[in-house]
Amino acid sequence: MATKTFKGGAHPPERKHRTEALPIEYVGTVKQVVVPVNQHFGAPIQPLVKVGDQVKRGQKIADADGRMTVPVHAPIAGIVKKIEPRLQSNNLEGSAIVIEADGSGGVDFMPPLDGFSCGKDEALARIREAGIIGMGGAGFPAHVKLAPPPNKPITVVIANAAECEPYLTIDERVMAETPGDLVEGMAITMRILGVGRGVIGLEDNKAHLMDALEAAVKDYGRGAAIELQLLKTKYPQGGEKMLITAITGKEVPSGGLPMDVGCVVQNVGTFKAIAEAFREGKPLIDRGFTVSGGACKSPKNLVVPVGTLVSDLIPDTIQIDEDALRRVIYGGPMMGPSLPNWAVPVQKNTSGVLFLNASESKVYAEGPCLRCGRCMNACSCRLSPALLNVAIKADDFDQAEAIGLLDCIECGTCSFVCPSHIQLVQRFRVGKQLLRAKKQKEAARAGK
Ligand code: SF4
Ligand code: SF4
């Protein structure tokens with residue numbers, strides 16, 4: 001099979017060897033969870049429970065009306081102890097429901113639903129009621145992605161199985177251990193969208209999974225036309241736009257979405273969650289993620305109840321070398337935020353927790369721009385990072401916007417390749433926030 005890819009990108013050290021062959025460990029029992037109320041991209045939701053309530057595992061504990069909302073469910077059975085602001089994995093404080101386990105073992109799942117015979121609206125309602133969001137990134141509600149407007153017909157459903165971030169191997173293990181869940185979730189999604197083509201796109205460092213996935217398509221695909229596509233192992237191959245370009249040859253337009261080119265992309269964990277929501281009536285209350293890094297003495301792939309504090313997993317489940325530890329990252333090292341400590345919950349979109357040592361988290365002094373063009377050649381969004389940097393440093397946000405600041409996917413490739421160690425992506429993140437704040441101010445002024 002020919003291996004496809006996109007233009008640009010880089011090759012950071014993969015560092016997956018410590019966990020890629022390790023079976024997933026399931027941590028079913030934790031003493032407490034801290035469940036952020038708003039883990040999705042969209043309109044805020046509100047708690048449905050109060051302090052002192054007893055809740056069952058799977059019971060809905062927060063929700064609101066509105067298309068761009070998804071509910072949150074209790075990941076364990078227990079008593080609601082607090083509802084208060086807590087540090088979350090985006091490094092910001094937000095309302096969280098603290099549940100202490102009471103050992104009652106109560107479970108409150110939905111009844112199973114046959115995703116291959118139910119109505120489309122019923123299927124979309126099931127996905128929303130299960131609280132499913134995109135588990136690989138910003139947490140976009142899955143049911144919204146699966147209901148595009150009539151003028152945006154979808155022709156292909158893509159499973160993002162690239163897992164291009166260094167260290168992360170949880171998607172690889174899910175595909176190795178439960179390939180049928182990925183295929184079943186894809187087939188249900190294709191049925192909802194009325195799409196005749198599905199593609200599982202995986203980097204060629206995972207080519208050994210091809211046989212198992214092909215067998216799963218036969219066994220669990222219910223006849224859906226799902227094919228496999230090998231992709232070159234290159235960062236950021238798992239970016240939605242890069243994946244679409246590599247697989248279909250189409251380019252998502254500036255400011256556009258995958259549906260603009262007839263595509264829906266979900267990651268491996270999201271398809272698995274969809275399969276479980278139908279087959280078992282299970283909401284999204286458990287999360288698989290990779291634990292690794294040079295200061296981690298027990299690298300592994302774990303599944304825990306959403307809301308589990310990483311600090312509560314130490315030292316029984318995770319052992320770290322505190323003397324060697326320099327940084328804790330939630331997610332992958334290229335895009336994940338660095339957190340001040342590890343008393344932060346695992347969330348629906350947490351793909352990894354990395355304990356990095358000094359050699360993995362070196363910070364270099366910024367040098368001058370050498371105009372070498374490496375950042376421009378590596379940028380898969382075809383931006384000019386060096387020019388964006390100049391514009392932002394000069395507070396010229398109009399210019400930064402004009403040359404594509406808002407098209408930056410914050411992949412960090414430009415920073416990785418820059419020989420002068422210029423903090424490009426860090427500056428672009430701040431620049432985007434300042435640009436959006438400026439636009440809001442201008443809109444408010446114009447509205448007066
Ligand atoms: S962080 Fe932005 S500018 Fe830099 S390579 Fe990625 S998309 Fe391009
Ligand atoms: S890679 Fe760094 S030094 Fe080279 S042009 Fe880009 S910003 Fe300048």
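The following numbered points describe selected features of a predicted model.

1. Positive phi at Arg-371. Arg-371 sits in the loop between β17 (352-356) and α8. Its phi is near 55°, a positive value in a residue that is not glycine.

2. Positive phi at Arg-382. The loop between α8 and α9 contains Arg-382. Here phi is near 60°, again positive in a residue other than glycine. Arg-382 has 12 other C-beta atoms within 10 Å, so Arg-382 is exposed.

3. Packing of α9. The crossing of α9 and α12 is left-handed.

4. Strand β13. How many of the seven residues of strand β13 (residues 286-292) are buried? The number is seven, and the strand is described as mostly covered. Asp-286, Gly-288, Thr-290 and Ser-292 point one way from β13, while Arg-287, Phe-289 and Val-291 point the other way; all are buried. Charged residues are thus among the buried ones, including Asp-286 and Arg-287.

5. Partners of β13. Strands of a sheet pair through backbone hydrogen bonds, either parallel or antiparallel. β13 and β14 run antiparallel and are joined by six bridges. In this pairing Val-291 stands opposite Lys-300 of β14. With β17, by contrast, β13 pairs in the parallel sense over three bridges. Ser-292 has Leu-354 in β17 as its bridge partner.

6. The hairpin of β7 and β8. Strand β7 (residues 78-87) runs antiparallel to β8, and nine bridges join them. One of the bridge pairs is Gly-78 with Ala-101 in β8. The two strands form a hairpin that has five residues between them. Asn-91, in the turn, has a positive phi of about 75°.

7. A further partner of β8. Strand β8 (residues 93-101) also pairs with strand β2 (residues 32-36), in the antiparallel sense and over five bridges. Pro-36 has Ala-96 in β8 as its bridge partner.

8. An open sheet. Three strands form an open sheet in the order β3-β5-β6, with antiparallel pairing. β3 (46-47) and β6 (72-73) are the edge strands, each pairing on one side only. β3 and strand β5 (residues 60-63) run antiparallel and are joined by two bridges. Pro-47 stands opposite Ala-62 in β5.

9. Helix α3. How many of the eight residues of helix α3 (residues 170-177) are buried? Six are, and the helix is mostly covered. The buried residues are Ile-170, Asp-171, Glu-172, Arg-173, Val-174 and Met-175. An α-helix has 3.6 residues a turn, so residues three or four places apart point the same way. In α3, Ile-170 and Val-174 are both buried.

10. Cis peptide bonds. Tyr-235 and Pro-236 are joined by a cis peptide bond with omega of about 0°. Pro-236 belongs to the loop between β11 (226-231) and α6 (240-248). A cis bond also runs from Ile-314 to Pro-315, where omega is near 10°. Pro-315 is in the loop between β14 (300-305) and β15 (327-330).

Conventions:
Residues numbered from 1 in each chain as written. Chains lettered and ligands numbered in written order. Predicted model: local features only at pLDDT ≥ 70, side-chain atom pairs only at ≥ 80, totals over all residues. Pairing = 2+ DSSP bridges. Helix = DSSP H or I, 4+ residues; strand = E, 2+ residues; numbered from the N terminus. Buried ≥ 20, exposed ≤ 12 C-beta atoms within 10 Å, placed from the backbone. Left-handed = near helix turned anticlockwise from the far one by under 90°.
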